[in-house]
Amino acid sequence: MESPPQSSAQASSPGLTHHRPVSVIEDGVLTGITGAGVVAIWFLILDMARGQLFFTPSLLGSVVFLGQSPDQATSVNPFIVFAYTGLHGVLFLMAGLVIAWLFAMFERNPQFGIILLLLFLLVESILFSFAAAIFPNIIGAIGALAVASGNLFAAVAMFWLLIRRHPTAMTQLRLAWHEE
């Protein structure tokens with residue numbers, strides 16, 4: 001018995017009708033995991049260099065969950081490390097989903113790239129300022145350069161992941177810039 005004829009679009013990509021939402025969710029999860037992992041590894045390296053493994057997530061968790069000042073959080077609390085790591089992961093998953101959705105918009109309309117870049121810079125500035133305003137001693141305890149570097153490394157890794165998963169996006173962007 002023969003199978004029913006398929007159009008060339010259906011034959012080349014089965015399940016096309018639900019491919020895009022699944023792809024954005026998948027991209028978002030992978031992007032969030034990538035960003036969270038890069039930041040976690042960055043601070044693990046810094047903590048190893050300081051000679052106190054997991055001190056940064058313990059410090060951040062103690063400030064966020066226990067309301068302690070950075071001066072009060074002098075030792076590593078495994079429960080707080082676990083709790084803060086969970087919060088960190090959830091926040092990055094949410095950010096990853098938003099970034100993947102914005103990237104999907106960028107892929108369909110490359111001119112959106114400049115808006116995406118400006119939104120990224122705005123959000124980074126707001127988050128850094130928010131952290132400095134709400135927890136002023138945290139930035140000093142961890143180091144502004146360490147925080148900014150971790151954010152930059154995560155952003156580069158997340159962008160690289162999305163570009164690797166969507167190679168046509170950069171081609172479309174180049175074409176859009178050359179149409180002037």
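Which residues form a nonpolar patch on the surface? Ile114, Ile115, Leu117, Leu118, Leu119, Phe120, Leu121, Leu122 and Ile126 do, with about 800 Å² of accessible area together. I'll come back to that patch.

First, the ground rules. This is a predicted model, where local features need pLDDT of at least 70, side-chain atom pairs count only at pLDDT 80 or more, and totals for chains, interfaces and linings use all residues. Residues are numbered from 1 along each chain as its sequence is written, and side-chain values use heavy atoms, with hydrogens and water left out.

Now confidence. pLDDT is the predictor's confidence in each residue, from 0 to 100. The chain averages 82, and 86% of the residues score at least 70. Helix H1, residues 8–12, has the lowest confidence, a mean of 43. H3 has the highest, at 93. Over residues 1–19 pLDDT stays under 50, and the model has 1 contact there beyond four places in sequence. Contact means heavy atoms within 4.5 Å.

The fold. The chain has 8 helices and 0 strands. Helices are DSSP runs of H or I, at least four residues, and strands are runs of E, at least two; both are numbered from the N terminus. Take the contacts between residues at least 6 apart in sequence: 64% join residues at least 24 apart.

Next, burial. Buried means under 20% relative accessible area, exposed over 50%, partly exposed in between, with a 1.4 Å probe and protein chains only. Of the 180 residues in the chain, 32% are buried. H3 is mostly covered, with 9 of its 12 residues buried. Among them are Phe55, Leu59 and Val63. Just after H3, glycine 67 takes a positive phi of about 70°.

On to the cores. A nonpolar core is a set of buried Ala, Val, Leu, Ile, Met, Phe, Trp, Tyr and Cys residues joined through side-chain atoms within 4.5 Å. The largest one has 18 residues, and Phe43, Leu59, Phe92, Ile138 and Ile142 touch the most other members. Helices H2 (16–50), H3 (55–66), H4 (78–108), H6 (136–142) and H7 (144–165) each supply at least two residues of this core. A second, separate core has 9 residues, including Phe103 and Leu162. Look at phenylalanine 43. Neighbours within four places aside, its contacts are Thr56, Ile142, Ala146 and Val147.

Which residues are linked in a network of salt bridges? Glu26, Asp27 and Arg165. A salt bridge is a side-chain nitrogen of Lys or Arg within 4 Å of a carboxyl oxygen of Asp or Glu. The structure holds 3. Arginine 165 meets glutamate 26 at 2.5 Å, N to O. The arginine is in helix H7 and the glutamate in helix H2, so this pair ties together parts 139 residues apart in sequence. Arginine 165 also meets aspartate 27, at 2.4 Å, N to O. Aspartate 27 is buried, at 3% relative accessibility. Glutamate 26 is partly exposed, at 39%.

The remaining pair is arginine 50 with aspartate 47, at 3.2 Å, N to O. They sit 3 residues apart in helix H2, so about one helical turn separates them. Aspartate 47 is buried, at 1%, while arginine 50 is partly exposed, at 42%.

Back to the patch. Patches take residues with over 30% relative accessible area and no salt bridge; like charges are joined within 9 Å, nonpolar side chains (Val, Leu, Ile, Met, Phe, Trp, Tyr) within 5 Å. Leucine 117, one of the patch members, lies in helix H5, residues 113–134. Leucine 117 is partly exposed, at 45% relative accessibility. Accessible areas come from the Shrake-Rupley method with a 1.4 Å probe; for residues, only the protein chains shown count as cover.
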